[in-house]
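Here are some notes to read alongside the model.

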Amino acid sequence: MFDTIYSTLDSGFMNALGPAMGPPAFATAWALAKVVSVVVPLLIFVLYFQLVERWVIGWMQVRRGPNRVTFFGIKWLGGFAQPIADALKLLLKEQIVPTGANRWLFLLAPALSVAPAMAVWAVVPFMPGWVIANADAGLLVVLALTSMGVYGVIIAGWASNSKYAFLGAMRSAAQVVSYEIAMGFALVGGLMAAQTMNLSQMVAKQDGAYGFAEWFFIPLFPLFMVHFIAGVAETNRHPFDVAEGESEIVAGPLVEYSGMTWSLFFLAEYANMLLVATISTIMFLGGWLSPFPHSVPVLGAPSIFWMLVKMMTLMLMFVWIRASFPRYRYDQIMRLGWKVFIPITIVWIIVVGVMMLDPVRNWAPFSIWFGKLGGN
């Protein structure tokens, strides 16, 4: 249905604007409109999820979150304008470049962090047809772009001309490399199960008559958990935020940043958090598919509502983890990545390979997930 709507809109705009603007101009305008329709909601989400996070952590710790900044004094909107006030404060703060720092690299580092975090959303589908670029190798694009983000942190630490920033950058680089391997192996299991790198087709492979029982998180549960926890570490979120360990190295690679340059790093962090939740939803939790069988009226229909519910559930898990666990020591983080997660993923990839073999894949319950592979 959504493919039909999308193609109808596309042809309608082409018929209306094509003669006046010309095909190249229309194609550019239509692509720009699709980019804006993804980036603007993403920026608004990042802006307000910080407020939700502060409210939820305040509730978990039995204290108040932001509750003072309102719109035009409307009391029941207490705290709702806090993100806007924070953004205005950061815009008005002075941008300081330390003496001895490499000025151009110092200012380039935030852009290197945030640009891949924004660009990667071009290949992420929210519904069939609701994607800017439906790339056949969509998952490969996601991996390639997200791996670029660490360069921003490394350059920020080196260009700041500060031992604290440099130490934080080195910690972050080692941590990202360690957990990138575990996350990559976890995704390999998902690729084996889906037999495709196209993100939309991954969701289609989990569709069927049994609802959530056909989602890949059941046969790939260890890989799902490793992928999500490695995603927490990849985004330098608590309890893996040793790169910003305030008690040891002040704020790590961000210690010399202020104002909007500082906020760009956090924009990238929250965008990457949402990306981890989205990829986990698409690969393991059925994407926009309903947890109910198709035979259930209304609730059984695929919808972007289900996609958003799953994404927000995983995002709240980020908050829950932050409010519950103490920060790990650096050696503990390295041990978890190299000695626990990587062996688990390698073993489970072998298990998945066995489940997909003939005649095992035709046995119950493996036939639910792998029986539809046919001759693949």
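Between which two helices does the loop with Gln195 lie? The first point takes this up.

1. Gln195 lies in the loop between helix H7 (163–194) and helix H8 (199–204). Helices here are DSSP runs of H or I with at least four residues, and strands are runs of E with at least two, numbered from the N terminus. The phi of Gln195 is near 60 degrees, a positive value in a residue other than glycine. Gln195 counts as partly exposed because its relative accessibility is 35%; buried means under 20% relative accessible area, exposed over 50%, and partly exposed in between, with a 1.4 Å probe and protein chains only.

2. A word on provenance: this is a predicted model, in which local features need pLDDT of at least 70 and side-chain atom pairs count only at pLDDT 80 or more, while totals for chains, interfaces and linings use all residues. Residues are numbered from 1 along each chain as its sequence is written, and side-chain values use heavy atoms, with hydrogens and water left out.

3. Overall, the chain has 14 helices and 0 strands. Of its 376 residues, 45% count as buried. Among contacts (heavy atoms within 4.5 Å) with a separation of 6 or more, 74% come from residues 24 or more positions apart.

4. Please look at helix H4 (residues 103–119) against helix H11 (residues 259–284): they pack at an angle of about 20 degrees, with axes 8 Å apart. That makes H4 roughly parallel to H11, where under 35 degrees counts as roughly parallel, over 145 as roughly antiparallel, 65 to 115 as roughly perpendicular and the rest as oblique. Axes are lines fitted to C-alpha atoms, for helices over the stretch in contact, and angles run from 0 to 180 degrees between N-to-C directions. By class, this contact of H4 with H11 has 11 nonpolar, 3 polar and no charged residues. Nonpolar covers Ala, Val, Leu, Ile, Met, Phe, Trp, Tyr, Cys and Pro; charged covers Asp, Glu, Lys and Arg; the others, Gly among them, are polar.

5. Ser113 sits in helix H4 and counts as buried at 6% relative accessibility. Leaving aside neighbours within four places in sequence, Ser113 is in contact with Gly149, Gly152, Val153, Phe265 and Ala268.

6. H11 also meets helix H9 (residues 221–234), at an angle of about 170 degrees and with axes 10 Å apart. H9 and H11 are therefore roughly antiparallel. On the H9 side the contact involves Leu223, Phe224, His227, Phe228 and Gly231, and on the H11 side Val276, Ile279, Ser280 and Phe284. These residues divide into 6 nonpolar, 3 polar and no charged.

7. Some backbone values deserve a look, since most residues other than glycine have a negative phi, and most peptide bonds are trans. Val298, in the loop between H11 and helix H12 (304–324), has a phi near 65 degrees. Val298 is exposed, with a relative accessible area of 74%. A cis peptide bond joins His238 and Pro239, with omega about 10 degrees, and the bond from Asp358 to Pro359 is cis with omega near 0 degrees. Pro239 is in the loop between H9 and helix H10 (246–249), whereas Pro359 lies between helix H13 (330–355) and helix H14 (366–370).
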